[in-house]
Amino acid sequence: MKHTATTDDGHRSGTGARSALTVVAAMIRLADIASVFIRYANFTLGGGSATTAVIHGEIVAKRRWVTEEQFALSFALGRLTPGTNVLAFCVGIGWMLRRWPGAVVVLLAASIPCTLIVIVITVLFSKWQENPYAQAAIKGAIAAAVAITVKTVWTIAHPYFTAGNRLRVALVGAAAFILNVLIGLSPIEVLLLAAIVGIFLPEARS
C-alpha cells in the first residue's frame, strides 16, 4: 500500500499525519489485516518479543498502517492487560485499524492457527522430550529469544529516546528495572507506577 502519511518535505506533522493515517486505516481491507496477522502472529519463532518485532516491521516500517506512537500505545496497553499480552496487543492494533471488525478479525487470525499448531507440537514433543538433540535445540532457541527480546525493546523505545528525553527515558527504565528485579514488585505494579511518574515528569518539547 502506498504511504500517504508523509508531507511533501518528508516529515510527518502532527495533526496532518494523524489525519492521513486515519484515511489510510479506513482503506485497509479486513482480508489484508487477516493475512498479516495470520502470517506473523502464528508463524514467527522466538516468542512474543520476536512477534512484536516482525509486526512492527510490517505495519509500521513497511505498510505504515499505524504510527510509532500508536504501536507503542497498543504495546503498553497490552502489557497492562491481564492474560496473554501479545494477543491483547494484536487485538488493539486491529481495533486501531478497523475498529470492532478489525479487532475481531485480528483476534481470530492471531489465535486459532497458533492454537492448533501448539496442540500438534505438544503431542510431538511429549514423544521426543528425552532426545538430546531436541533438548539442545531448545537451549539454543532460548539464547536467541533473549537477544530478540533486547532488540524488540530497543525497537519500541528508540522513537522516544530523543535528545530532550534521553534522561527521562533512562530514569524511568532504570527505576522500573530496580522495582521489578531488586525490590520484587510485579510487572503490573511497575507499569502503573511508571504511568503515574509519566504524568508528573512531562515529556520535553523539541
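Start with Ser74, which is buried at a relative accessible area of 3%; buried means under 20%, exposed over 50%, and partly exposed in between, with a 1.4 Å probe and protein chains only. This is a predicted model, so local features need pLDDT of at least 70 and side-chain atom pairs count only at pLDDT 80 or more, while totals for chains, interfaces and linings use all residues. Residues are numbered from 1 along each chain as its sequence is written, and side-chain values use heavy atoms, without hydrogens and water.

Ser74 sits in helix α4; helices are DSSP runs of H or I with at least four residues, numbered from the N terminus. Leaving aside neighbours within four places in sequence, Ser74 is in contact (heavy atoms within 4.5 Å) with Phe89, Gly92, Ile93 and Met96. A polar atom of the Ser74 side chain lies 2.9 Å from the backbone oxygen of Phe89.

Leu77 is also found in α4, and it counts as partly exposed because its relative accessibility is 45%.

Now helix α2, residues 30–42. How far apart are its end C-alpha atoms? They are 17 Å apart, which agrees with the 18 Å that 13 residues should span at 1.5 Å a residue; the expected span is 1.5 Å times one less than the number of residues. The buried residues of α2 are Ile33, Ala34, Val36, Phe37, Tyr40, Ala41 and Asn42. Their cover includes α3 (48–62) and α5 (85–128).

Key
Helices (H or I, at least four residues) and strands (E, at least two) are DSSP runs, numbered from the N terminus. A polar contact is a pair of N or O atoms within 3.5 Å; within protein, one must be able to donate a hydrogen and the other to accept it, and residues adjacent in sequence count only if both atoms are side-chain atoms.
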